[in-house]
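Please look at the sequence and the structure below, and then read on for a short report on confidence, salt bridges and nonpolar cores.

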Amino acid sequence: MKKVCVYCLMALLAMLCLPTNLAAQGWNYDFEMAKADGIGDRPNHYDVLLNGISWSMYAVRRSGSSSDFANGKVSARIYGSRMSMKEMPYMAMTEDKQGGIGTIEFVYRAYGEHTTSQVEWCVQVSEDKGEHWQTIGQAFKPTTEVQQFRAKANVKEGRMRIVRADYTVFDYASAGKYDAAFNLDDIS
């Protein structure tokens, strides 16, 4: 009888120590594999698969120069504007994250050469396949200090994107130079 109780107690402890299903449903990307995953070193349009989720992005590049922030060797650099823009700068999931989106977080810092030209950015979620977007958290403006964005989404099934906060009025067609870039890393 004592052996059965000991085994039951050990089994209970083992179950309590196992990672929960929430961890299995999580998603993260640290951009160390960005080149292998198809993000180039020019701020072009990319449709890529990052850690199993489809994304589309414009005016984004992988970067790892000395003036870039990166937790590791590589990060993503998003430009607020670029020469000959053909669309709004963004980084967006193009498929719903199965298992839902609880909290979105990443670390960021202004690109070293664009510290004085920064613009505000926002994070949005969609529960209807990108038809409508809702801003979560506060808009942020990158500075020379490394900062963390963190906001609860709490959507059962949906997608997220990062865009300029003024995306509804920004005239991207008139952008004349590469400007207002920031680096982000460790998105989850």
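## Confidence

The protein has a mean pLDDT of 87, and 87% of its residues reach 70 or more, where pLDDT is the predictor's confidence in each residue, from 0 to 100. Over residues 4-24 the pLDDT is below 50, and this stretch has zero contacts (heavy atoms within 4.5 Å) beyond near neighbours in sequence. Where pLDDT is low, the predicted coordinates should not be read in detail.

This is a predicted model, in which local features need pLDDT of at least 70 and side-chain atom pairs count only at pLDDT 80 or more, while totals for chains, interfaces and linings use all residues. Residues are numbered from 1 along each chain as its sequence is written, and side-chain values use heavy atoms, with hydrogens and water left out.

## Salt bridges

The count of salt bridges (a side-chain nitrogen of Lys or Arg within 4 Å of a carboxyl oxygen of Asp or Glu) comes to six. One of them joins the side chains of arginine 77 and aspartate 68 at 2.8 Å, N to O, and both residues are buried, that is, under 20% relative accessible area, with a 1.4 Å probe and protein chains only (exposed is over 50%, partly exposed in between).

Aspartate 166 forms a salt bridge with arginine 164; aspartate 166 is partly exposed at 26%, whereas arginine 164 is buried at 6%.

## Nonpolar cores

A nonpolar core is a set of buried Ala, Val, Leu, Ile, Met, Phe, Trp, Tyr and Cys residues joined through side-chain atoms within 4.5 Å. The largest has 37 residues, and those touching the most other members include Phe31 and Trp55. Apart from it lies another core of 13 residues, among them Phe170.
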